Amino acid sequence: MNLLDLSETLLLIAFIAYLLAILLFGGAIRHKQRDVSTSNKHWGNAAMVVTIMGFISNVGYFITRWIYAEHAPVSNMFEFATAFGMFIVGAFLIMYWMYRLATLGIVALSIAVLLIAFASMFPSDVTPLIPALKSYWLTIHVITTVIGEAILAMSAVAGLVYLLKTVSFKAPSKERFWLEVVMYSLVVVIGFVVVTATFSSMHYEAKFSYIDKEQQQAEITYNTPPLFGMHESKALKPEHMQPLMDMPASINAKKLTTVVWSFIVGTILYGLLRLFCRKPLAQVVQPLVKQTNITLMDEIGYRAVLIGFPVFTLGALVFAMIWAQEAWTRFWAWDPKEVWALITWLFYAAFLHLRLSKGWEGKKSAWLAVIGFAIIMFNFVAVNLIIAGLHSYAE
């Protein structure tokens with residue numbers, strides 16, 4: 001077994017351990033609600049042991065892949081998503097050591113599991129870095145950014161738990177609607193995994209020629225039935241499904257197609273879950289947070305932003321601009337990734353301003369934390385997968 005095979009095995013072990021830990025944390029919460037303190041302690045301890053084992057395995061994956069690739073494994077969608085999941089679990093372990101809250105584990109580990117499942121749908125091959133990425137700034141910029149985003153994700157974890165605890169489902173409301181939108185978004189990620197895995201198992205391929213941004217002819221292979229075509233696309237084999245419409249050169253129609261398929265399948269899955277549960281999904285999971293201390297959740301969410309914001313600032317803005325100057329001889333070029341990094345920074349700056357100056361605590365702060373993480377994920381998923389730019393190498 002070479003290092004690459006070992007790294008993939010370690011990642012699989014981490015994924016399974018996180019799944020098991022979610023179930024154990026669920027057991028800890030159920031026993032706590034029944035006031036069975038001894039059993040609750042045993043379940044919680046078992047959950048933490050499994051989580052730590054999974055995290056060690058995850059770190060092992062990261063290190064062995066780094067050694068094999070000879071560069072930090074954060075250069076594409078597969079590597080970044082797995083690193084993101086790993087650092088979220090690391091941030092959770094620190095939070096649990098400080099606060100001993102099993103509820104955080106269920107949400108944080110669920111996000112990590114979804115990120116690893118999301119990553120598994122992308123090519124995991126180790127490929128040589130393109131010239132723009134052959135710099136030690138790859139390690140400094142990207143790893144600092146993902147650590148900052150992982151810490152900020154913990155503010156969203158605490159905020160989501162806060163909202164699940166405080167939002168009432170007795171009558172329709174805007175809060176109830178938007179909380180359910182969050183649950184729907186998580187199901188859409190599952191839809192992405194289902195779509196990609198299904199068509200991959202079918203070995204589906206549809207090849208097209210198109211005109212790229214430089215007005216050069218190129219070819220592209222779709223792995224899902226093409227809903228949208230690349231700019232001036234033409235099918236290389238007439239028997240393939242024709243796109244419904246062509247997109248401008250600035251849009252990656254192949255990735256847009258995958259995203260739309262994910263929404264279609266995710267919506268179907270969500271509808272089936274609603275029919276099975278006969279209630280909103282947020283209401284289904286609400287009993288898990290029944291005994292949560294919302295004051296503590298508010299404190300955790302705020303502290304996570306206080307720590308994560310400066311780390312994100314260093315990674316996503318300061319180090320990014322230094323690397324941009326070195327690689328492209330300019331600090332800023334209004335590339336889509338740069339713009340959304342700035343939007344993310346401005347949002348969390350506004351978060352801290354509203355919290356400190358306007359007294360936006362409790363439910364308002366929780367909603368801001370969840371919205372902030374939604375912006376991070378939009379930058380990670382939609383901007384990477386759909387909008388073409390200088391960062392489009394992040395396949």
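Leu-3 lies in helix H1 and is partly exposed, with a relative accessible area of 32%. The model described here is predicted.

**Nonpolar surface patch**

- At least two residues of the patch come from each of helix H1 (3-33) and helix H2 (37-69).
- The most is given by H2, which supplies three residues.

- When residues up to four places away in sequence are not counted, Leu-104 touches Phe-92, Met-95, Val-157, Ala-158, Met-297 and Ile-300.

**Salt bridges**

- Four salt bridges are found in a search of the whole structure.
- One of them joins the side chains of Glu-79 and Arg-65, at 2.9 Å from N to O.
- Glu-79 belongs to helix H3 (residues 77-99) and Arg-65 to helix H2, so this pair ties together parts that are 14 residues apart in sequence.
- Both partners are buried: Glu-79 has a relative accessible area of 1%, and Arg-65 has one of 0%.
- The side chains of Glu-175 and Lys-363 also form a salt bridge, at 3.2 Å from N to O.
- Because Glu-175 is in helix H6 and Lys-363 in helix H11 (residues 363-385), the pair ties together parts that are 188 residues apart in sequence.
- Glu-175 counts as partly exposed at 27% relative accessibility, and Lys-363 is likewise partly exposed at 27%.
- A further salt bridge links the side chains of Glu-299 and Arg-303, at 3.1 Å from N to O.
- Glu-299 and Arg-303 both lie in helix H9 (residues 294-328), with four residues, about one turn of the helix, between their positions.
- Glu-299 is partly exposed, with a relative accessible area of 27%, and Arg-303 is partly exposed at 39%.

- Thr-196 is located in helix H6 (residues 174-201).
- Its relative accessibility is 15%, so Thr-196 counts as buried.
- A polar atom of the Thr-196 side chain lies 2.8 Å from the backbone oxygen of Phe-192.
- Neighbours within four places in sequence aside, Thr-196 is in contact with Met-121 and Thr-258.

Key
Residues numbered from 1 in each chain as written. Predicted model: local features only at pLDDT ≥ 70, side-chain atom pairs only at ≥ 80, totals over all residues. Heavy atoms only, no water. Buried < 20%, exposed > 50% of the residue type's maximum accessible area, 1.4 Å probe, protein only. Polar contact = N/O pair within 3.5 Å; in protein donor to acceptor, adjacent residues only side chain to side chain. Contact = heavy atoms within 4.5 Å.
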